[in-house]
Amino acid sequence: MAYSEKVIDHYSNPKNVGTLDKASKNVGTGLVGAPECGDVMRLQIEVDDATGIIKDAKFKTFGCGSAIASSSLATEWLKGKSIDVAATIDNMDIVEELNLPPVKIHCSVLAEDAIKAAINDYRKKNGLEELLFEEKGVH
Amino acid sequence: MLKLPVYLDNNATTPMDPRVLETMIPYFTEHFGNAASRNHPFGWEAEEAVDYAREQVAKLIGADPKEIIFTSGATEGDNLGIKGVYEMYAQKGNHIITANTEHKAVLDTCKHIEKLGGEVTYLSVQEDGLIDLKELEAAIKPTTILVAIMYANNEIGVIQPVKEIAAIAKKHGVLFFSDATQAVGKIPVDVIQDGIDLMTFTGHKMYGPKGIGALYVRRKNPRVKVTAQMDGGGHERGMRSGTLNVPGIVGFGKACELCRLEMAQDTERISKLRDKLETALLKLDEAYVNGNREHRLPHVSNISFKYVEGEGLLMGFNKNIALSSGSACTSASLEPSYVLKALGLGDDLAHSSLRFGLSRFTTEEQIDFTVEQISTTVLKLREMSPLWEMFKEGIDMNNIEWAHH
């Protein structure tokens with residue numbers, strides 16, 4: 001299978017690889033996927049308490065090139081967005097941006113799940129109600 | 001000089017040896033006759049060439065030329081050998097014993113036989129990929145007609161105890177079929193010494209052309225027969241109809257001859273390269289060889305690099321190195337290698353595996369390059385892997401509730 005230029009670029013030069021302090025109150029962590037499935041994504045956001053803006057985002061991913069690219073792209077998109085806007089990122093936006101083939105759509109779903117899990121982790125830590133998200137049927 | 005790209009997927013197919021091609025060429029144009037044309041020189045030439053090739057093929061495996069049935073390849077040989085015995089020996093019984101690490105051509109043929117009303121026992125293998133001989137013997141019943149166990153595995157290269165299997169089958173009056181696709185031409189295979197009754201193998205895994213293979217069918221002690229699976233002109237002693245692929249057969253014969261003459265020196269050189277590759281890659285932390293390392297083909301290695309996903313790993317160098325992975329993502333099915341799972345490997349390790357298959361044409365420079373590329377990529381991806389981070393922090397990943405998707 002040939003990868004798109006954008007996937008190759010994110011794979012070769014991934015953006016925002018790293019770890020934020022998950023104990024910190026303004027850091028939200030989302031860990032999704034499973035080793036047995038061949039994909040695990042950990043996505044973290046650091047939120048400015050006053051403005052609700054995502055100041056920083058980091059990821060680490062165990063998975064194929066498309067999974068790495070999806071999470072790398074997600075961290076880029078998250079930075080500078082308010083958490084409310086971040087919650088509206090749709091997996092199909094990632095599919096479109098990276099030209100993912102049908103067999104790799106699950107990578108984008110995983111990235112969307114990771115974003116939502118990170119947002120909810122942040123909300124939970126800060127005494128906010130967790131957002132309810134519609135289940136994606138693509139898994 | 002380093003020649004790129006490096007091809008290390010020789011269990012999938014090998015390049016053809018130029019000497020093989022050279023032998024084949026006249027049989028496409030000048031000597032194009034049908035080997036079954038008995039009444040003119042074109043037919044005679046073709047028949048003579050086929051006879052000669054049949055001897056070359058037979059000699060490589062210690063068989064009589066009359067025991068060689070040319071097929072289109074190993075898959076056809078698996079089908080003809082197994083279904084052919086099932087039909088021919090229907091009066092004796094309907095039970096077949098095989099193993100769960102067999103090639104799909106054997107497993108799916110067995111599934112087909114189950115649909116026809118046959119009974120199949122799928123032996124599980126031990127952690128090292130070898131079958132348990134006691135389990136095999138215990139599985140034999142009065143209705144058993146065939147034991148179908150491969151010579152060497154295509155993913156991990158593990159060589160089954162063929163002689164012992166043959167002895168058990170013989171003791172119980174059961175036929176022994178072996179898919180020897182990965183073994184023939186690479187290690188000494190002798191159907192008499194090994195006690196094999198039926199055996200399939202193919203040209204393109206041993207530097208010969210694609211689309212040509214053979215089924216060995218024993219003629220003495222016992223005389224074995226298979227029911228033809230294709231009806232027609234009654235070629236190949238009535239067991240496999242269809243005009244003979246003369247150029248393919250000529251090339252296959254030449255490939256067999258070259259393997260017979262050069263096997264010892266090839267093996268010595270290739271196994272050294274394989275060992276060099278393996279030793280260097282095992283210097284990486286958390287890298288493990290899959291399958292028995294002693295009873296193994298000299299040109300094969302299967303290694304799992306824990307906490308790195310196979311397809312992601314391949315992507316780091318697949319412009320320059322051709323390899324395959326047991327990772328789910330490399331196949332359309334999204335299921336990781338069933339062979340590695342059969343060894344008891346967790347899905348995570350199966351997802352993290354690479355299969356190396358070296359060849360006659362692999363060079364030391366290519367191996368050095370491969371080691372360097374893979375090591376760099378593994379280290380880079382581990383820096384990016386949340387699992388590696390957890391491992392380094394001493395977190396037990398079995399205690400995490402993963403969201404299975």
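A residue is called buried when its relative accessible area is under 20%, exposed when it is over 50%, and partly exposed in between, with a 1.4 Å probe and protein chains only. By this criterion, buried residues account for 54% of the 139 residues in chain A. The model is predicted: local features need pLDDT of at least 70, side-chain atom pairs count only at pLDDT 80 or more, and totals for chains, interfaces and linings use all residues. Residues are numbered from 1 along each chain as its sequence is written, chains are lettered from A and ligands numbered from 1 in the order in which they are written, and side-chain values use heavy atoms, with hydrogens and water left out.

Chain A contains 5 helices and 3 strands, where helices (H or I, at least four residues) and strands (E, at least two) are DSSP runs numbered from the N terminus. Read along the sequence, these elements follow the pattern α-β-β-β-α-α-α-α. The C-alpha trace of chain A spans about 45 × 30 × 25 Å along its principal axes. Its radius of gyration, taken over C-alpha atoms, can be set against the globule rule of 2.2 Å times the number of residues to the power 0.38. For 139 residues a compact globule would have a value near 14 Å, and chain A agrees, with 14 Å. Among contacts (heavy atoms within 4.5 Å) between residues at least 6 apart in the sequence of chain A, 61% join residues at least 24 apart.

Helix 2 of chain A covers residues 65-78. The expected span of a helix is 1.5 Å times one less than its number of residues; for the 14 residues of helix 2 this gives 20 Å, in agreement with the 20 Å between its end C-alpha atoms. Helix 2 of chain A is mostly covered, with 12 of its 14 residues buried, including Gly65(A), Ile68(A), Leu73(A) and Leu78(A). After helix 2 of chain A comes Gly80(A), with a positive phi near 90°.

The peptide bond from Leu4(B) to Pro5(B) is cis, with omega near -10°, and Pro5(B) lies in the segment before strand 1 (6-7) of chain B. The bond from Asn221(B) to Pro222(B) is also cis, with omega near -5°; Pro222(B) is found in the loop between strand 8 (213-217) and helix 8 (246-281) of chain B.

Tyr207(B) is not a glycine, yet has a positive phi of about 70°. Tyr207(B) is buried, with a relative accessible area of 3%.
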